[in-house]
Amino acid sequence: MTVESGAATTAAPAPDQPAPDAPDQAGEFIQLLTPEGERIDHPGYPLALSAADIRSLYRDLVLVRRIDTVAISLQRQGELGIWASLLGQEAAQIGSGRALSARDMAFPTYREHGVAWCRGIDPVKLLELYRGVSHGGWAPEEHKFHLYTIVIGAQTLHATGYAMGIQRDGAVGGDEAEAVIVYFGDGATSQGDVNEAFVWASVFNAPVVFFCQNNQWAISEPLEKQSRIPLYQRARGFGFPGLRVDGNDVLACYAVTQKAMQAAREGQGPTLIEAFTYRMGAHTTTDDPTRYRLASELEVWKHKDPIERVRAYLVRGGLAEPEFFAGVDEEANQAGARVREACRTMPDPLPLTIFDHVYAEPTAIVRTERQQYAAYLASFDEEAGR
Amino acid sequence: MTNLTLARALNEGLRKALENDPKVLIMGEDVGKLGGVFRITDGLQKDFGEARVIDTPLAESGIVGTAIGLALRGYRPVCEIQFDGFVFPAVDQIVSQLAKMRYRSRGQVSLPAVIRIPCGGGIGAVEHHSESPEVLFAHTAGLRVVACADPADAFTMIQQSVSSDDPVIFFEPKRRYWDKGEVATAAGVAGALPLGRANVALEGTDVTLLGYGPLVRTCLESAVAAREDGRRVEVIDLRSLSPLDVDTICASVRKTGRCVVAHEAPVYAGLGAEIAARVTERCFYHLEAPVLRVGGFGTPYPPSRLEEHYLPDLDRILDAVDRAFGY
């Protein structure tokens with residue numbers, strides 16, 4: 001009963017508003033590739049990608065979905081403690097991630113596996129975190145991809161501060177200009193930190209793009225529990241532009257991100273992008289969406305799949321041969337197998353690494369506890385007669 | 001040597017830090033034109049510009065969160081939290097982000113940020129302006145927590161904190177801001193005691209009295225008064241609350257056989273509890289009496305007309321010293 005009523009409020013748009021994902025001329029929903037794979041133009045977002053570019057985007061979409069699928073299986077098999085699936089959000093992540101320059105900095109949540117892919121992070125590194133082997137552990141500056149942030153919305157302030165650093169480094173404007181993109185979800189928009197980040201970015205005109213993947217659900221809570229207005233409209237109150245893009249359209253996500261990042265690099269300040277998408281899977285592998293949403297909602301979104309529309313476009317336009325698709329599938333098989341094997345054979349960290357990197361130099365307390373615990377562990381070896 | 005108030009010594013220390021490293025930034029509410037509500041940053045924006053001395057929007061989590069971002073970019077931000085009781089909106093950023101980033105990144109990220117917090121009571125203020133939340137931060141691995149007690153230390157410790165590659169929570173005893181003392185402003189920090197070390201502020205032989213921040217002066221005054229009873233009190237200014245300089249504390253207690261800890265924060269689960277446990281563990285056979293604690297009550301901070309009852313003063317500290325001789 002509660003499921004039905006919750007779903008009913010989700011499904012029905014407010015009477016005075018158009019359906020939230022209906023393309024319109026007011027820029028309320030930017031779409032360049034329909035769910036059927038039809039390419040449409042938008043005057044504000046001319047996009048000149050070659051067939052090779054689009055094939056490359058397709059490849060990324062397929063590969064990150066495969067890795068995600070493998071990770072879910074690994075969790076079911078006990079190899080991962082938990083996994084936060086990106087299923088359904090591939091286009092939002094690959095489109096925005098591929099729109100970044102090598103100099104741009106990205107701040108993710110814990111679900112940005114597609115963006116991580118675009119930034120050259122080995123997926124095995126992501127699995128480390130979900131297996132409990134590390135808390136992250138890649139070099140953020142090397143990849144221009146910050147560590148996953150688990151506390152909801154906290155990274156929006158880090159991104160904004162980083163963007164203020166870019167300003168102070170004189171890296172706004174010009175050929176070497178940089179900007180920041182920060183990812184968060186619809187639930188995060190209720191966090192104080194996100195709203196504070198909007199305030200800071202606005203008053204300091206910081207070169208940061210706020211990329212909100214509105215996947216409609218914050219674990220079990222539908223968007224209506226977070227907002228009475230479309231999320232992108234929040235930006236207006238903070239004094240910077242906001243827009244809504246079809247989050248399942250990789251071309252549109254690419255185009256709007258590229259434009260917003262360029263504006264930020266040129267000193268025009270922040271933009272809020274609301275990528276309207278859907279979390280096709282559970283919040284994480286511990287979640288059970290059947291308790292709070294209807295299967296029919298999922299069915300509707302299946303028809304808007306981010307990968308199928310690109311495939312349809314490539315096929316219909318004769319832009320890719322069957323061999324290309326077979327090749328990508330084979331590559332996905334190999335990537336999946338590699339990730340699976342790397343996860344299963346991933347060693348546990350050594351016990352005494354608990355004490356590493358708490359401070360720049362270990363304090364007396366850390367040093368002493370480390371020594372004591374090492375001696376304690378060694379005592380078992382002695383008991384066993386070694 | 002220059003005779004400066006503690007507030008001015010902090011100001012001079014921050015000025016030196018800004019001069020010595022172009023990556024040092026100051027940020028907080030009212031730190032610019034106004035120079036901060038306590039004038040600690042007085043004149044710094046005028047001399048170093050708005051890009052380096054930043055008047056921020058009024059949100060503490062935002063201050064610390066953006067400071068983290070600036071530190072990720074290679075800056076050394078010094079944040080001012082206007083009053084102790086206003087740090088709590090920033091606690092998530094401090095505890096979950098600032099303290100843990102080095103660990104999370106397996107040493108690949110440093111966050112050299114300083115969070116300055118005027119702390120403690122005794123100024124007749126309204127609620128939330130007189131608190132001593134140091135233990136929350138001392139209990140958080142990854143943070144260094146320090147408290148200055150006099151102008152000379154204020155000048156050097158703030159500079160050492162800015163230079164630290166670890167995040168530092170820097171407590172300033174607000175009721176001592178106007179205390180004066182000699183400061184070696186020309187000498188810099190070269191000869192100063194390392195940041196993590198306690199200082200034997202007054203040598204004695206009969207009992208070790210430990211204090212930090214605003215109570216160091218009270219402890220020293222108590223020691224002078226105790227001489228009338230023929231007791232020679234050794235006063236140690238802890239300076240660093242995390243990590244604790246346990247070696248200096250224990251060396252003193254082994255000598256005196258008695259230990260009293262004083263702080264404004266509630267006694268229950270306060271820093272005194274940690275010190276008592278460590279001293280007992282390491283100096284058990286030297287102790288003539290249990291380690292005693294004197295501090296705030298297990299109550300919220302009271303209305304200011306009652307704060308003289310809440311805050312440990314000379315008499316309450318002497319009472320604890322007396323009790324230490326009653327075993």
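How many residues of chain A are in contact with how many residues of chain B? The count is 33 residues of chain A against 34 of chain B, where two residues are in contact if their C-beta atoms, placed from the backbone, lie within 7 Å. Before going on, a word on bookkeeping: this is a predicted model, in which local features need pLDDT of at least 70, side-chain atom pairs count only at pLDDT 80 or more, and totals for chains, interfaces and linings use all residues. Residues are numbered from 1 along each chain as its sequence is written, while chains are lettered from A and ligands numbered from 1 in the order in which they are written.

Back to the interface. On the chain A side, helix H7 (154–168), helix H8 (192–203) and helix H14 (364–383) each supply at least two of the residues that touch chain B; helices (H or I, at least four residues) and strands (E, at least two) are DSSP runs, numbered from the N terminus. H7(A) gives the largest share, eleven residues. Sorted by class, the side of chain A that touches chain B holds 18 nonpolar, eleven polar and four charged residues. Here Ala, Val, Leu, Ile, Met, Phe, Trp, Tyr, Cys and Pro count as nonpolar, Asp, Glu, Lys and Arg as charged, and the others, Gly among them, as polar.

Now zoom out to domains, whose bounds come from an automatic or database domain assignment. Chain A is given domain 1 (2–344) and domain 2 (351–383), and the C-alpha centres of these two lie 41 Å apart. Chain B is given domain 1 (2–183) and domain 2 (199–324), with C-alpha centres 26 Å apart. In chain B, 26 residues of domain 1 are in contact with 21 residues of domain 2. On the domain 1 side, helix H6 (134–138), strand E6 (144–147), helix H7 (151–163) and strand E7 (168–173) of chain B each supply at least two residues, and E6(B) has the largest share, with four. That side of domain 1 of chain B comprises twelve nonpolar, six polar and eight charged residues.

Next, step inside chain A and look at H3(A). Nine of its nine residues are buried, so H3(A) is largely enclosed by the rest of the structure. Buried means that 20 or more other C-beta atoms lie within 10 Å of a residue's own, exposed means 12 or fewer, and partly exposed is in between, with C-beta atoms placed from the backbone. The buried residues of H3(A) pack against quite a list of chain A elements: helix H2 (51–76), helix H4 (113–118), strand E2 (180–185), strand E3 (208–214), H10 and strand E7 (271–276).

Take H10 from that list. Two packed helices are described by the angle between their axes and the distance between the axes. H3 (residues 90–98) and H10 (residues 250–265) of chain A pack at about 40 degrees, with axes 7 Å apart; axes are lines fitted to C-alpha atoms, for helices over the stretch in contact, and angles run from 0 to 180 degrees between N-to-C directions. Residues of H3(A) including A:Ala91, A:Ile94 and A:Gly95 meet residues of H10(A) including A:Val250, A:Cys253 and A:Tyr254. By class, this contact has seven nonpolar, three polar and one charged residues.

Another pair worth a look is H5 (residues 123–131) and H13 (residues 322–344) of chain A, packed at about 40 degrees with axes 10 Å apart. That makes H5(A) oblique to H13(A), since angles under 35 degrees count as roughly parallel, over 145 as roughly antiparallel, 65 to 115 as roughly perpendicular and the rest as oblique. A:Pro123, A:Val124, A:Leu127 and A:Arg131 of H5(A) make the contact with A:Val339, A:Ala342 and A:Cys343 of H13(A), a set with six nonpolar, no polar and one charged residues. H5(A) is mostly covered, with seven of its nine residues buried, and its cover includes H2, H4 and H13 of chain A. Just after H5(A), A:Gly132 takes a positive phi of about 90 degrees.

Finally, visit A:Pro241, in the loop between helix H9 (234–238) and strand E6 (242–246) of chain A. A:Pro241 is partly exposed, because 16 other C-beta atoms lie within 10 Å. A:Pro270 is 29 residues away in sequence, yet 7.4 Å from A:Pro241 in space, C-alpha to C-alpha. Leaving aside neighbours within four places in sequence, A:Pro241 is in contact with A:Ala235 and A:Thr271.
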